[in-house]
Amino acid sequence: MSRFEWVAGSARLLQQAGDEFERTRPFEGLRIGTGIHLEPKTAALLLTLRRGGADVVSTGNLNSTQQETVDYLREKGIDVIGGPTADPTEHDRYLRGVLATKPDLLLDNGGDLFTRYLENPWPNLRGGTEETTSGRDRLLPLRDRIDLPLLVINDSPIKQFAENTHAVGAGTVESFIRITNRITNGRRVAVFGYGSVGRGVAAYFRSFNSVVSVVEPQPVLRLRALLDGFDVPDRDDALASADVIVTVTGAPHVIGHADLARLRDGVVLISAGHLPWELDVPSLIEDPSVESIDDVTDGITTLRLRDGRAVHVLTRGHMVNLAGPRPLGNSIESMDLGFTLQARCLEAVARGTVPKTACVVPVPAEIDALVASAYVELARA
Ligand SMILES: NC(=O)c1ccc[n+]([C@@H]2O[C@H](COP(=O)([O-])OP(=O)(O)OC[C@H]3O[C@@H](n4cnc5c(N)ncnc54)[C@H](O)[C@@H]3O)[C@@H](O)[C@H]2O)c1
């Protein structure tokens, strides 16, 4: 069995939706354009949309596209533009290639497609979906200009707990172990950001016997971290004492060159945030205190400082669970839930049941309920 078959066979909600779509054909005659991490689980989503009659045009996201997924999708008749790239200019060209086909629906991931759509809008776009927190933040100020139904999958409570908290939490610990092959027990781990993702990262490192602290600027969330049993040191103290630092904030330049003086020898820096800017890797690398850079071990960049300390950056600051050697990303079941929300939201926009005023808003409650009930029923069967 190939990994694609394994994933498709494990994504039972998508299978169920695909069986229904084959009968109901909600996307008949429509083109869906997307720029999303291309890996076996997204392949299952794109093929489900196709089963509903969609003509799917896709490209990947920066630095997370897997060539074998591209090959597989092309074999299955999905139009994939470009291939793996870590070059933002090349990636921009691929995204514009998707938009040039003037899709009827956009499945966006990080706001890349809707922001570019506004530069040169076309009339047949019905609306679409946005997968992430970062995309929501980018698109919210543009909602008056977009003026189409645009449902934010991230803002479904299901995505928040199933994917952001549980799956990314587990996946970040798994990535740390897979890439470094080091122990988690007794390690002092500082988690920057205590949103839906940070809560999971903190909880899963703790369950792997790490000593976890949380740095969070919002007072209420900092209190929540404290009541959840985490230490909540000041930023500088956390930087100075951590063996492992994980950023999950959605914000740029959370850790940069000005912090180098504070970090412990051997510290491991990780980001699980969507954009590769939370760790300001260019400024870290270019700092005059860095003597040399060693990129030999797959997924680990070691900065050797002139005073003898080493700082290890995993996957050059790209999302750790989707980059580096043999990344598997989030669990199939968590993505099955999130992608079924995607498929059902796109179905609703395609059918015209979502009003234009529902622009950059959470998944409708009835779709959450439909997907949640279907999962529980399958789990109990
Ligand atoms: N790796 C993945 O597979 C994956 C999956 C889902 C989301 N994400 C990404 O993870 C990031 C976090 O998502 P979320 O849903 O938890 O967001 P969120 O907005 O709920 O939480 C982010 C938290 O970070 C805090 N923060 C902001 N700047 C900070 C700083 N400088 N230092 C410390 N804390 C700071 C904010 O106050 C906020 O509480 C986003 O970029 C999101 O796109 C990644």
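Colleague: Is aspartate 259 buried or exposed?

Modeller: This is a predicted model, where local features need pLDDT of at least 70, side-chain atom pairs count only at pLDDT 80 or more, and totals for chains, interfaces and linings use all residues. Residues are numbered from 1 along each chain as its sequence is written, and side-chain values use heavy atoms, with hydrogens and water left out. Buried means under 20% relative accessible area, exposed over 50%, and partly exposed in between (1.4 Å probe, protein chains only). Aspartate 259 has a relative accessible area of 6%, so it is buried.

Colleague: Where does aspartate 259 lie, and which residues does it touch?

Modeller: Helices (H or I, at least four residues) and strands (E, at least two) are DSSP runs, numbered from the N terminus. Aspartate 259 lies in the loop between β9 (244-247) and β10 (267-271). Contact means heavy atoms within 4.5 Å. Not counting residues up to four places away in sequence, aspartate 259 touches Arg235, Leu239 and Val254.

Colleague: How many salt bridges are there?

Modeller: Side chains of opposite charge can pair when their charged atoms come close. The rule asks for a side-chain nitrogen of Lys or Arg within 4 Å of a carboxyl oxygen of Asp or Glu. By this rule the count is 27.

Colleague: Which helices does the salt bridge of arginine 51 and aspartate 19 link?

Modeller: The closest N and O atoms of arginine 51 and aspartate 19 are 2.6 Å apart. The two residues are 32 residues apart, in distant parts of the chain. Arginine 51 is partly exposed at 25% relative accessibility, and aspartate 19 is partly exposed at 39%. The helices are α3 for arginine 51 and α2 (residues 12-24) for aspartate 19.

Colleague: How many residues apart in sequence are the parts tied together by arginine 136 and aspartate 155?

Modeller: Their side chains meet in a salt bridge, at 2.8 Å from N to O. Arginine 136 lies in helix α7, and aspartate 155 in the loop between β6 (150-152) and α9, so the pair ties together parts whose separation is 19 residues.

Colleague: In which helix do arginine 178 and glutamate 174 lie?

Modeller: Arginine 178 forms a salt bridge with glutamate 174, with the closest N and O atoms 2.9 Å apart. Arginine 178 counts as partly exposed at 22% relative accessibility, as does glutamate 174 at 32%. They are four residues apart, about one turn of the helix, and both lie in α9.

Colleague: Which helix supplies the largest share of the lining of the largest pocket?

Modeller: On a 1 Å grid over the protein atoms alone, a pocket is an open set of points where a 1.4 Å probe fits, with protein on both sides within 12 Å along at least five of seven lines; lining residues have an atom within 4 Å of a point. Of its 48 lining residues, the closest to the centre are Thr133, Val197, Val248, Thr249 and Gly250. The largest share, five residues, comes from α9.

Colleague: Which helix gives the most to the lining of the second largest pocket?

Modeller: The second largest pocket holds about 300 Å³ of space. Of the 20 residues that line it, the closest to its centre are Leu62, His91, Asp112, Leu275 and Pro276. Both α5 (88-99) and α6 (112-117) supply at least two lining residues. The most, four residues, comes from α5.

Methods: Points joined across faces, edges and corners; volume = space filled by probe spheres on them.
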